[in-house]
Amino acid sequence: MNTHEFQAKEILKKYGIPIPEFGVAHKIHEVESIIKRLHLQEAVVKIQVHAGGRGKAGGVKFARSPEEIIHTAEKLIGMRMVNNQTGPEGVVAHQVIISKPVDIKKEYYLGAVIDRQHGEPILIASPEGGVEIEEIAAKHPARILKLPIELDGRMRGYRLARLVKFMGWSGEQAKAGAHIASGLARAFIDTDASLLEINPLVEDQEGKLWALDAKLSIDDNALYRQPEIAAFYDPTQQSAHEVAAKEYDLAYIALDGNIGCMVNGAGLAMATMDIIQYYGGKPANFLDVGGGASKEKVAAGFKIILSDPKVQAILVNIFGGIMDCGVLAQGIIEAMRELGIKVPLVVRLEGTSVEEGKKLLERSKLPIIAADGLAQAAEKVVATLR
């Protein structure tokens, strides 16, 4: 789950990381209140959306007077940002963060991720901040430092010493930098994050370090033990389909094709999309109903798929391990009757109670196209579009 910048900053503040004073506004009267509370004569106003590239899209503005802060916020609240991260539909900014400006002398990068190759959390640092870390890694790999984080969130002293030397910090600034890195590492572990970054971490004209921007992404599977962060969920940053899928605990991602997919298991779902593409079709979505989907989940999945006007056929591909194919077949039958599904429907079942499931589908007398294998299922669903 992604969070907004201001939410990530609230987390970082709890770990003693210096953040310029800020306020968050949905309405203009809130903007006025922030100006008074922070005694602002100038400010940085940024839209709050779950996507990067806000500056390039015109979503970050510097305002040089209280009147300009209000005028800028009026323009940015409700702004629809469209770029390669948001897709053509874009995302709407329903709120802005208004921050005290910092007179920047230098920018750095500091972040934490899981190193999948080595199976450990790592701190990533660079004396080059303010741009994509991938770009730095590609063009200037020597400007990237990776350090292991202990599983309890600690950073060992000798690693922090290596960090401050690499970043070019000394004296009081080195102490501050080490404190920030330690706080970031601890926050990363404590929040079950998949990504936590400060970009840029900046040095002001007096040499003080500030976290100017922050990004926090959480592993969805850990949200049950992160109630504070789970409450950060913002449905306005997702499509209506994705919001509906979340209500039924379905993993759904919209794509650009016309063949709807309902599959159990992420790996099987990806294989299904690949083989549809192989046989000349285009998947309309990724939809994983999970290992133990109920009839209600199946019906919800069909509703989500059919709400996409681009869908012209549907492929249901189920391997019954935990799931009982008989239960799933009954769910398909009930959903077809309830929803009046008009597009061609291809069903491939395999695994637990598969014969029972196939018999139920056959006896239903519904226009369901049965398939015995994954390749045959893909061929059949693509053929229905010709």
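Visitor: What makes up the accessible surface of the chain, and how much of it belongs to carbon and sulfur atoms?
Guide: In this predicted model, the accessible surface of the chain comes to about 18,700 Å². Carbon and sulfur atoms account for 51% of that area.

Visitor: How many of the residues count as buried, and what makes a residue count as buried?
Guide: The chain has 386 residues, and 49% of them count as buried. A residue is put in that group because its relative accessible area is under 20%.

Visitor: Why is a set of residues called a nonpolar core?
Guide: The name applies because the members are buried residues of kinds such as Ala, Leu and Ile, joined through side-chain atoms within 4.5 Å. The largest such core in the chain has 43 residues, and Leu110 and Leu163 have the most contacts inside it. Helix H6, residues 171-190, gives this core its largest share, eight residues. Another core, of 32 residues, lies apart from it and includes Leu287, Ala329, Ile332 and Leu361.

Visitor: Which residues is Leu110 in contact with, leaving aside its neighbours within four places in sequence?
Guide: Among them are Leu123, Ile124, Leu163, Ile180, Leu184 and Leu201. Each is called a contact because heavy atoms lie within 4.5 Å.

Visitor: How many helices and strands are there in the chain?
Guide: The chain contains 13 helices and 18 strands. Its C-alpha trace spans about 80 × 50 × 35 Å along the principal axes.

Visitor: Where are the mean positions of the positive and negative charges?
Guide: The mean positions of the 45 positive and 49 negative charges are 1 Å apart.

Key. Residues are numbered from 1 along each chain as its sequence is written. This is a predicted model: local features need pLDDT of at least 70, side-chain atom pairs count only at pLDDT 80 or more; totals for chains, interfaces and linings use all residues. Side-chain values use heavy atoms; hydrogens and water are left out. Buried means under 20% relative accessible area, exposed over 50%, partly exposed in between (1.4 Å probe, protein chains only). Helices (H or I, at least four residues) and strands (E, at least two) are DSSP runs, numbered from the N terminus. Accessible areas come from the Shrake-Rupley method with a 1.4 Å probe; for residues, only the protein chains shown count as cover. Lys and Arg count as positive and Asp and Glu as negative; His and the chain ends are not counted. The place of a charge is taken as NZ of Lys, CZ of Arg, CG of Asp or CD of Glu.
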